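Here's a quick briefing to read alongside the model. Have the sequence and the 3D view open as you go.

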Amino acid sequence: MAESLDEIDVRLLAELQVDADRTNVELARLVGMSPAATLNRVRRLKASGVIRQIAARVDPAVAGFPLHVYVSVTLSRSDPRTTRAFEDEVRALPQVIAADWVAGETDAILVVIARDVAELKRVLLRLSLRGGQRLITSLRMEEIKPASPLPVAPR
């Protein structure tokens, strides 16, 4: 169920999505609250799950991973054992930086980064050995729009 957010929560979330590296004092100034009240609000947003994590965004190409590939996966079977084995393999591969089960023509979509084609080939082989029957890769050429802040609003 969606968490109830007020105007202050929305302002905090907007500011944190722009720059989560701000100090609590700066964040408090930006939203017009005391540092203690701001810290309590942010803690509440974390505890409720609205804020899942505060992390740095690393540019894969600059960090040494020039290959950025989307992989559409169709599993060989739709039974719990195959699904679990595939999920375990996806979670074990550090090159898989995001993965979602989807409805439609494929079962899952993965975001995979690699240092070179040989590394990508090893990842795809491991996925196919764990239930991935059909793997369709799409090479990311250029970013059109970076990941954007959620358009949060009071409820």
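This is a predicted model: local features need pLDDT of at least 70, side-chain atom pairs count only at pLDDT 80 or more; totals for chains, interfaces and linings use all residues.

Residues are numbered from 1 along each chain as its sequence is written, and side-chain values use heavy atoms, with hydrogens and water left out.

**The sheet**
- Four strands make an open, antiparallel sheet, ordered β2-β3-β1-β4; strands are DSSP runs of E, at least two residues, numbered from the N terminus, and two of them pair if DSSP finds at least two bridges between them.
- At the edges sit β2 (96-101) and β4 (132-139), each pairing on one side only.
- β2 and β3 (residues 108-114) run antiparallel and are joined by five bridges, with A99 opposite L110 in β3.

**Helices across the sheet**
- Helix α4 (residues 80-92) lies across β1 (67-75), β2, β3 and β4, at about 155° to β2; helices are DSSP runs of H or I, at least four residues.
- Helix α5 (residues 117-129) lies across β1, β3 and β4, at about 150° to β4.
- Angles run from 0 to 180 degrees between N-to-C directions, using axes fitted to C-alpha atoms, for helices over the stretch in contact, and contact means heavy atoms within 4.5 Å.

**Who lines the largest pocket?**
- Its lining has 47 residues, and A55, A56, R57, A147 and S148 lie nearest the centre.
- α1 (7-18), β1, β2 and β3 are the elements giving two or more residues to this lining.

Technical notes
On a 1 Å grid over the protein atoms alone, a cavity is a set of points where a 1.4 Å probe fits but cannot get out, and a pocket is an open set with protein on both sides within 12 Å along at least five of seven lines; lining residues have an atom within 4 Å of a point.
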